[in-house]
Amino acid sequence: MTDTPPEVRASEEPSEAVAARAEAWTGELVAGAYAPMARPAIRAALERHLALLSALLTAHEFRPDEAAPVGEWLVTARFTGQTSLQRSIEVLGTALPALVGAPAERVTAVLAAVAAGYANAVRRQIFAEQEKVRTALMLTLEQTRRELHDSEARFRQVFSSTSVGIAIFDLDGAVVEANPALVRMLGHTGHTGDDGHTGDDGHAGHDGHAEDDAENPGLDPEKLFEPGDLVALRSAWESGDSARIEQQFAGPVGDPMWTNVALSVVRDADGQPKYRVAVFEDVTEQRVLRDYLRHQALHDVLTGLPNRQSFLPRLEQALNRPGSITLCYLDVDSVAIVNDGIGYEAGDELLKVVAQRLTAVFAGEDATVARIGGDEFVVLIEDSADTPSISALAEAIDTELSEPVYLSGHGVGVSAGMGFVRTSATGLDAMSLLRQAHSTLRRAESGGKGQWGIYDAGQDARDRTRLALIATMPGALENGEIAIDYRPVAAPDPATPHPATPHTHSATPQPATPHPVTPHTAVTARLRWDEPEFGVVDHEECLDFADTLGLSDQLGAWLLEEACAFAAAEELPVIVRLSADQSRDPDLSAVVAEALRTSGLAPQHLWLSLHSGCLAGCQEVVEDNLTTLADMGVRRLLHSFTGGLRELALVQRQALHGVEVDAPPDEPIARTALATVIPLLRSIGTLVISEVPGADLTVRR
């Protein structure tokens with residue numbers, strides 16, 4: 001199924017949910033600002049924007065930047081009130097997840113794009129207004145000597161009524177005039193003249209400075225601006241006659257205020273510089289929003305720790321510095337259990353506690369703790385002479401996390417698997433080092449929960465070779481590189497001795513096997529993958545690779561289809577060995593039924609051998625499959641049989657047709673035990689297929 005392009009979906013008739021959200025959005029906008037548009041027109045436009053944003057969130061190729069025009073439209077439609085952007089973000093932050101159920105990171109990215117589009121449009125609008133003001137000022141000052149009255153009137157109108165702050169400086173950087181907007185912006189409380197500007201006796205001429213700064217505090221740069229602010233402005237002027245900068249000033253109560261400042265030079269009639277003009281626009285709200293969104297993009301929302309995007313650059317920097325570093329990759333074991341057993345709120349709280357405890361463990365180190373996945377954390381330590389050994393670090397983490405966490409009245413135990421890499425090599429790739437730590441973690445977890453391990457380059461190379469081979473299996477299957485060998489299954493060579501009957505207290509004679517065997521009873525279908533680089537991959541490895549990769553359904557269906565077709569053509573029973581995942585697949589019977597239907601093979605000629613290794617965790621599903629297969633008339637076997645009590649009970653309970661017995665270890669006790677089990681199996685009418693002595697059938701090479 002292909003994704004509909006966002007522009008197509010955006011044009012479709014809006015749903016009732018979209019219409020309701022658009023109406024709510026319309027109400028918020030109309031309440032916060034006036035726009036020369038009818039309310040139905042506003043609502044219709046917002047419906048289209050909601051549809052566009054919903055389409056972007058659900059698109060296969062996620063392009064959040066395409067949401068920027070929504071923010072630009074708000075400015076174009078004149079919804080630029082003090083709360084217009086804030087209310088829009090609040091409405092969208094609630095509406096979009098409800099409409100499409102998109103992941104939080106997608107919603108955040110789209111909201112950021114809307115805010116960025118709004119900020120950029122406002123900035124362009126501001127710059128355009130500033131440019132108009134600057135042009136008006138320059139024209140007015142150039143005409144001062146010729147048309148002083150008219151130019152002064154025009155200048156005063158712009159200077160006094162504009163919402164942006166304006167300051168005029170002489171060439172030495174002293175303030176000549178400041179308009180009321182700038183005075184309010186900076187929180188100045190000095191004398192303001194009747195005409196609305198600050199200056200000498202309420203008016204400062206353009207030919208000189210105020211004579212008495214004490215009486216006219218508005219003209220004193222030290223009082224209107226902080227010294228450091230003046231230094232920044234003068235430095236910007238030194239780079240040329242005009243410049244645009246973003247500068248922080250002290251606000252009315254001393255709080256930081258961010259402004260966009262447009263700097264220019266006013267020249268006299270002879271073309272010589274006479275004044276410097278600075279136009280200030282308060283962009284604190286946009287700056288705070290931008291910083292907030294940047295923080296959200298680089299930090300985990302739940303724990304506040306750096307996320308993957310923030311952590312990788314820090315790791316790169318550490319790798320490019322001399323010295324040793326230690327990287328620890330952690331996987332918290334019990335999060336899924338807490339989520340399913342107590343609730344997701346408890347799981348979130350558990351992750352917060354883990355983040356706090358990890359931060360506390362490494363408080364004395366030059367370390368960075370980050371959350372890079374659902375229950376996965378990483379710790380980067382820039383080693384010092386006092387940095388503990390890896391075993392000590394693992395013990396410290398385990399000790400800190402082992403203290404129970406009380407969630408909803410329950411004391412929850414916490415453990416974590418850990419993979420450590422310590423290296424002093426510079427210039428390594430950050431992603432490669434992260435992969436090494438992760439693969440070390442996975443090897444440690446193969447030994448159980450709460451285990452830790454240290455990176456082993458040799459083992460990692462072997463694992464990567466195997467994983468690389470597994471990764472190419474889908475292509476090999478599609479390209480026909482995996483073949484099926486059919487090996488005859490027949491009675492063993494009569495010269496092969498049977499195992500000695502072990503001594504028992506019972507002298508009950510062993511009955512003859514109820515399954516007549518002929519010299520060529522059946523064939524067994526075995527997979528073979530001739531991989532040019534890695535060599536031959538046998539049947540069991542193919543099954544294991546398919547289970548690891550999640551390819552067992554596709555591979556198993558193909559194997560059954562081909563094997564049944566071959567058996568129908570040859571009029572011979574065929575043994576098909578399934579993987580563990582296939583054996584516990586609830587849809588196994590449907591796959592078997594389809595293979596029998598398409599091939600025309602009689603059900604009793606399909607000998608389906610399930611994996612005994614999946615009995616420990618999924619015995620109920622396996623038994624359901626065995627029962628259904630029996631009802632279908634399929635012969636059922638169990639392979640990788642080791643003679644365990646659970647296996648023996650299943651063989652008798654399900655009256656299985658046969659078992660495929662693995663070769664026992666070389667120790668005498670193992671061989672003696674197997675020699676005892678084989679007669680027991682034969683006594684209940686079960687065929688034994690194996691290369692060990694005493695088997696009813698064996699697979700010929």
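1. Confidence as a whole. The protein has an average pLDDT of 82, and 87% of the residues reach a score of at least 70. Among the elements, the lowest mean pLDDT, 41, belongs to helix H1 (residues 6–10), while the highest, 95, belongs to strand S16 (residues 574–577).

2. Stretches to read with care. Residues 1–13 have a pLDDT below 50, although the model still gives this stretch 20 contacts beyond near neighbours in sequence. Residues 199–219 also have a pLDDT below 50, and here the model shows 52 contacts beyond near neighbours in sequence. Where pLDDT is low, the predicted coordinates should not be read in detail.

3. A five-stranded sheet. Five strands form an open sheet in the order S7-S8-S6-S11-S12, and their pairing is mixed. Strand S7 (367–371) and strand S12 (452–454) each have a single partner strand, so they stand at the edges with one side left without a neighbour in the sheet. On average, neighbouring strands of this sheet are turned by 15° against each other when direction is ignored.

4. One pair within that sheet. Strands of a sheet pair through backbone hydrogen bonds, either parallel or antiparallel. For strand S6 (residues 325–332) and strand S8 (residues 376–382) the sense is antiparallel, and the pairing extends over seven bridges. As an example to look for in the structure, Thr326 has Ile381 in S8 as its bridge partner.

5. Helices across the sheet. Helix H12 (residues 308–319) lies across S6, S7 and S8, and runs at about 25° to S8. Helix H14 (residues 344–361) likewise lies across S6, S7 and S8, running at about 10° to S8.

6. A packed pair of helices. Helix H19 (residues 539–549) packs with helix H20 (residues 552–570) at an angle of about 140°, and the two axes are 8 Å apart; H19 and H20 are therefore oblique to each other. On the H19 side the contact is made by His539, Cys542, Ala546 and Asp547, which meet Ser552, Leu555 and Leu559 in H20. Sorted by class, the residues of this contact are four nonpolar, two polar and one charged.

7. Leaving aside neighbours within four places in sequence, Asn260 is in contact with several residues, including Arg123, Phe127, Gln130, Glu246 and Phe280.

Note on methods. Residues are numbered from 1 along each chain as its sequence is written. This is a predicted model: local features need pLDDT of at least 70, side-chain atom pairs count only at pLDDT 80 or more; totals for chains, interfaces and linings use all residues. Side-chain values use heavy atoms; hydrogens and water are left out. Axes are lines fitted to C-alpha atoms, for helices over the stretch in contact, and angles run from 0 to 180 degrees between N-to-C directions. Helices (H or I, at least four residues) and strands (E, at least two) are DSSP runs, numbered from the N terminus. Angles under 35 degrees count as roughly parallel, over 145 as roughly antiparallel, 65 to 115 as roughly perpendicular and the rest as oblique. Contact means heavy atoms within 4.5 Å. Ala, Val, Leu, Ile, Met, Phe, Trp, Tyr, Cys and Pro count as nonpolar, Asp, Glu, Lys and Arg as charged, and the others, Gly among them, as polar. pLDDT is the predictor's confidence in each residue, from 0 to 100. Two strands pair if DSSP finds at least two bridges between them.
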